[in-house]
Amino acid sequence: MAFTRATGKHRRPSRITRRTASAAGIAALTTTGVMGTLSAPAMAADTTVEQTGLTQAVTLGESIADKIDAQAAAQQQAAEEAAAKKKAAEEKRKAEAKAKKEREAKERAAKERAAREAERKRLNSYVSPIAGSYVSTGYKAGGSLWSSGSHTGVDFHAASGTAVRAVGSGTVVTAGWGGSYGYEVVIKMNDGTYTQYGHLSSITVSVGQTVTPGQRIALSGATGNVTGAHLHFEVRTAEEYGSDIDPLTYLRSHGVKV
């Protein structure tokens with residue numbers, strides 16, 4: 001009896017066709033992420049690692065995921081480190097700014113203290129009434145020129161119009177005509193004594209005005225009972241005439257070299 005080969009829908013697929021279909025199915029399972037147990041034992045038996053590459057695909061997928069996770073973690077760590085560095089830099093900048101501000105404040109305070117101390121020393125200092133001059137007539141010199149019989153002050157050599165300076169800090173109590181002294185200025189010093197400046201050609205201060213060491217108070221001249229231009233300088237323990245003390249001793253006790 002002759003047998004006829006089956007054709008059409010009743011034809012059995014060839015081995016090559018079966019393998020192609022099986023590989024396509026496995027590939028589809030791999031693409032959609034279906035992994036694990038295959039329920040058909042026949043398929044498991046018929047499908048090999050070499051035919052499907054399932055294990056390789058699964059391993060490759062896990063490797064890529066691990067790399068992505070590692071990259072994300074590294075980026076997160078880098079972002080956190082950058083933020084930490086930025087914060088540290090900002091805190092450092094603020095600390096430096098604060099330190100600079102405090103340092104500048106201390107420097108200003110030190111300068112202010114130094115300025116106050118310098119001003120205090122200046123106000124407590126004493127100078128000669130005529131800069132660069134010398135004594136032409138000494139204290140207690142005798143003669144008929146003085147009503148008391150002796151000189152109650154000292155005379156500083158000074159051409160008419162020479163600047164006359166307050167020898168120290170004080171308050172003006174007299175500024176005007178003083179009889180035989182001509183135009184005069186009397187200052188009550190901060191130490192309680194009185195200094196007198198006589199025979200002036202002009203006066204540049206007024207009664208009640210406070211003066212400081214070296215401040216110009218008048219110009220020298222030859223007014224009053226004189227034989228020539230000079231400055232009469234006198235120191236008294238009280239405002240009244242007759243309470244005079246040695247002017248040079250007074251000045252030298254305050255550090256003035258005369």
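# Notebook: salt bridges, core and a buried loop

I started with E117, which I note as partly exposed because its relative accessibility is 32%. The model I am reading is a predicted one, and I keep that in mind for each of the entries that follow.

**Entry on helix α4, charged pairs.** I looked up the partner of E117 and found that its side chain meets that of R120 in a salt bridge, with 2.5 Å from N to O. Both residues belong to helix α4 and stand 3 residues apart, so about one helical turn separates them. For R120 I read a relative accessibility of 42%, which means that R120 is partly exposed.

I then asked which residue R122 pairs with through its side chain. The partner is E119, and this salt bridge spans 2.9 Å from N to O. R122 and E119 are again in helix α4 with a spacing of 3 residues, and therefore lie about one helical turn from each other. I record R122 as partly exposed at a relative accessible area of 33%, and E119 as partly exposed at 34%.

Helix α4 covers residues 54-123, and L60 is one of its residues. I found L60 together with I64 and I68 in a nonpolar surface patch of about 290 Å². L60 has a relative accessibility of 54%, and since the cut-off for exposed is over 50%, I count L60 as exposed.

**Entry on a pair across the chain.** My search of the whole structure gave 5 salt bridges, and one that I followed up joins the side chains of D244 and K140 at 3.5 Å, N to O. This pair links distant parts of the chain, 104 residues apart, with D244 in strand β10 (residues 244-245) and K140 in the loop between β1 and β2. Are the two partners buried or exposed? D244 is buried, with a relative accessible area of 13%, whereas K140 is partly exposed at 45%.

**Entry on the loop between β1 and β2.** I stayed with this loop, which runs between β1 (135-137) and β2 (154-157) and also holds S150. S150 has a relative accessible area of 16%, so I list S150 as buried, the limit being under 20%. Setting aside neighbours within four places in sequence, I find S150 in contact with K140, A141 and G142.

G153 is in the loop between β1 and β2 as well, and its relative accessible area of 0% is why I list G153 as buried. Among the residues that G153 touches, beyond those up to four places away in sequence, I noted G138, Y139 and K140, and also H232, F233, E234 and P247.

**Entry on the nonpolar core.** Finally I asked which members of the largest nonpolar core touch the most other members. Out of its 25 residues these are V164, V185, I187, Y197, I217 and F233. At least two residues of this core come from each of β2, β5 (183-189), β6 (194-203), β8 (216-220), β9 (230-236) and α5 (247-253).

How values were computed: Residues numbered from 1 in each chain as written. Predicted model: local features only at pLDDT ≥ 70, side-chain atom pairs only at ≥ 80, totals over all residues. Heavy atoms only, no water. Patch = residues over 30% accessible without salt bridge, like charges linked within 9 Å, V, L, I, M, F, W, Y side chains within 5 Å. Areas by Shrake-Rupley, 256 points an atom, 1.4 Å probe, with all protein chains shown as cover. Salt bridge = Lys/Arg side-chain N within 4 Å of Asp/Glu carboxyl O. Helix = DSSP H or I, 4+ residues; strand = E, 2+ residues; numbered from the N terminus. Buried < 20%, exposed > 50% of the residue type's maximum accessible area, 1.4 Å probe, protein only. Contact = heavy atoms within 4.5 Å. Core = buried A, V, L, I, M, F, W, Y, C linked by side-chain atoms within 4.5 Å.
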